[in-house]
Amino acid sequence: MLEIAPITPQLLAELGAELGGCDFSDKSRSDFLGSMISCDVQAAPGNGKTTLLAAKLALLSRSWDSRRQGVCVISHTNSARTEVEQQISRHPTASRLMAYPHFTGTVTAFVNQFLALPYLHGLGWPIRRIDDDVFAAEAARALPHYWELKAQAKKAPAMVESWVRGLDLDVDFVTGSELPETLAVRRRKRQHGADTSCGKALARLKALMVKKGLYRYSDMTVLALRALKDNPEIAERLRSRFPVVILDEAQDTNGEQMKLLELLFGGGGAAFQRLGDSNQTLYEDDATVASYWTPGADCIPFNESRRFGQPIADFASRLTTKLPQKIQSVGGKRTSMVVIVFDEKTIAGVLTAFAEEAKAHWPDSFSRQEIWAVASRHNVTGKVKGAWYPKSLVDYHSTYRGEAGTPKEANLLCRQLQKAALHHAAARPPSEVMDLFCSAIAELLRLYDWTGSNGGPITARNLWVTLGRREAELPRKIRSLLHRHILTGKAAWEKVAWETFCAALLALFDPADGQAVSAGVTEYCGFVRGKEAEAVGPAARATKQVTIGEATIRLGSIHSVKGKTVDGILVLESEVWKGHAKDQSCLDLSTVLSRAFGIEGATPLSEIGVAAATNVFVAVTRPRELLGLALRKSEFEAVAEKAEKEGWKIVDLVERARIAALL
């Protein structure tokens, strides 16, 4: 095992200086930096975990001289990976850990690169796309050809749709030298068994998707597990290749992915160090028996937060339902906390009221602050039956629309390029935008029956090389069209502009003899008009924001701000929805505020209540200074007295409206 220099005050001071003046002197941080064995870190929000991870990599890079072994840093999301890469790319020695033999990337990228894709190639199965939405769209198109599923869909359309949309491989699938006609699939809740007519139809449908080269992301994890099952020596090879493995945001890696990583690195032979906050687990494991990361009893606790003041820390601490933790604020930031009370008639004024509070808190600079309003459920929902209550962010801002397209259209060129345009407008990494472009154009060329230079299929990876060999200027022409019409133009959103773009694009591929475009190409290139295209411009569609006075409030789901630090945030009461049963939905704030305000005798939280508490915990731990809650007046009355005692300002829109009516 690699040895590192002894942790001394001088070494900690040097690391702190190298990373911009950070302080790593407290015991928890120095314990982690010096640990070269497997360990868990339970980190409170805003504790500087990413900077500490960068310091660990900087420390390792000082003495790492192997050209065959590397450090493996695994994150759950691309944003978390990017944050780590940005931290270490500026360090003179840690930046070396971004290249071979080291690995820094998402758990999906790790699984694909080292296990799933090599195993797929060994099976001889085609690989066209790995994308949940594209898979769902193609599977839905094929469903009518299976009479058993079609008949069942007449009785329970939503249930059958969920079966088809989430059709995962079972790890015990059977294969042979030829592509299979049927493949075992993982059975979901209420899904018909493998021996039933529907179960057999699902197995045939999965085999059809494999023949088309279409997979779900979860299929890759199953294939990786199967690779380990068939070739146990792979685990030893990976442990030898990566003697130090750091899993960032461990709470979001659950289910089969966590099982896989534990099989690889959890049994010794490598230092498997897991950093996360179990109270921020938003990504759920939908297995029959859920599996989540739980820090060990001897975990290293990071209870301090440098993000917000003690009033927010105290409020958030009471929402740590999965692993109770008392968060301590460091730095003494000034804090403003406000509850905006509304009813059905006054809900439209909630965002304006919060903008006023932002102006009062930052009288000279509020227009420059990053301010958000978020909800557990942000998508457009149907009409509420029975008593009125706010279900989603749309109830507060009627023109808000989520960015996700419908799975039924995710396989079409227009939908994929809309997604690329949204990523570009939201300043996502250019590599993510280019990945979408490559996959979309590669699929178009497949419909033209073009092949790679070696006679194999054109893929996102070999697209530009293949095109360049056909015509040197072709890659440049295509990229120019995509930039001009999609990234900076309106083609993805307006039908006439889309048709102009498609005509120019297809002219690059159509044969000179004027042969008609195939029906497959025509369908693939059809225009898609979606609700997310109703906003005025691409930037507004991507950021989902509203400007009130000089204050700009960004809008989104709680998931969209996870991992962010913002100046102010407003948590909008909304629905947490997991299903149609009574115990599968609740209103987040009204469910958890009695606990959050420390009211004695508060009702214990149910399973859906814990999910609500997790959502609220993530949201209220984002802001540096200004925290707002928007709650119906009927629900606020139970916590009003305690809120005032704890220093919350009450903005009662209902009372304001009543007084205004009397004047």
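## The parallel sheet

Let's start with an open sheet of 6 strands, ordered β3-β2-β6-β7-β1-β8 and paired in parallel. Strands here are DSSP E runs of at least two residues, helices are H or I runs of at least four, and both are numbered from the N terminus; two strands pair if DSSP finds at least two bridges between them. The edges belong to β3 (103-106) and β8 (300-302): each has a single partner strand, so one side of each is left without a neighbour in the sheet. Direction ignored, neighbouring strands are turned by 15° against each other on average. Axes are lines fitted to C-alpha atoms (for helices, over the stretch in contact), and angles run from 0 to 180 degrees between N-to-C directions.

At one end of the order, β1 (residues 39-43) runs parallel to β8, joined by 3 bridges, and A43 sits opposite F302 of β8. Helix α5 (residues 107-123) packs on this sheet, where it touches β2 (71-75) and β3 and makes about 115° with the direction of β3. Helix α12 (residues 255-265) packs on the sheet too, touching β2, β6 (244-247) and β7 (271-276), at about 150° to β7. Touching, or contact, means heavy atoms within 4.5 Å.

## What the model is

This is a predicted model, in which local features need pLDDT of at least 70 and side-chain atom pairs count only at pLDDT 80 or more, while totals for chains, interfaces and linings use all residues. Residues are numbered from 1 along each chain as its sequence is written, and side-chain values use heavy atoms, with hydrogens and water left out.

## The mixed sheet

There's also an open sheet of 7 strands with mixed pairing, in the order β13-β14-β12-β15-β18-β11-β19. Here β13 (545-548) and β19 (649-652) are the edge strands, and each has a single partner, so one side of each lacks a neighbour in the sheet.

Helix α14 (residues 350-361) lies across β11 (336-342), β12, β13, β14 (551-557), β15, β18 (623-632) and β19, at about 160° to β11. Helix α23 (residues 588-596) packs on the sheet as well, touching β15 and β18, at about 115° to β18.

## A helix pair and a buried glutamine

Helices α15 (residues 413-425) and α19 (residues 495-506) pack at about 105°, their axes 13 Å apart. That makes the two roughly perpendicular (65 to 115 degrees). L413, C414 and L417 of α15 meet W498, F501 and L505 of α19. By class, that contact has 6 nonpolar, no polar and no charged residues (nonpolar being Ala, Val, Leu, Ile, Met, Phe, Trp, Tyr, Cys and Pro; charged being Asp, Glu, Lys and Arg; the others, Gly among them, polar).

Q416 is also found in α15. Its relative accessible area is 5%, so Q416 is buried (under 20%, with a 1.4 Å probe and protein chains only). Neighbours within four places in sequence aside, Q416 is in contact with R129, A410, N411, L436, S439, A440 and Y524.

## The whole chain

The chain has 27 helices and 19 strands. Its radius of gyration is 26 Å, close to the 26 Å from the globule rule for 663 residues, so the chain is as compact as a globular protein of that length. The radius is taken over C-alpha atoms, and the rule is 2.2 Å times the number of residues to the power 0.38.

Along the principal axes, the C-alpha atoms fill a box of roughly 75 × 70 × 55 Å. Of the 663 residues, 52% count as buried.

Conventions: Parallel < 35°, antiparallel > 145°, perpendicular 65-115°, else oblique. Buried < 20%, exposed > 50% of the residue type's maximum accessible area, 1.4 Å probe, protein only.
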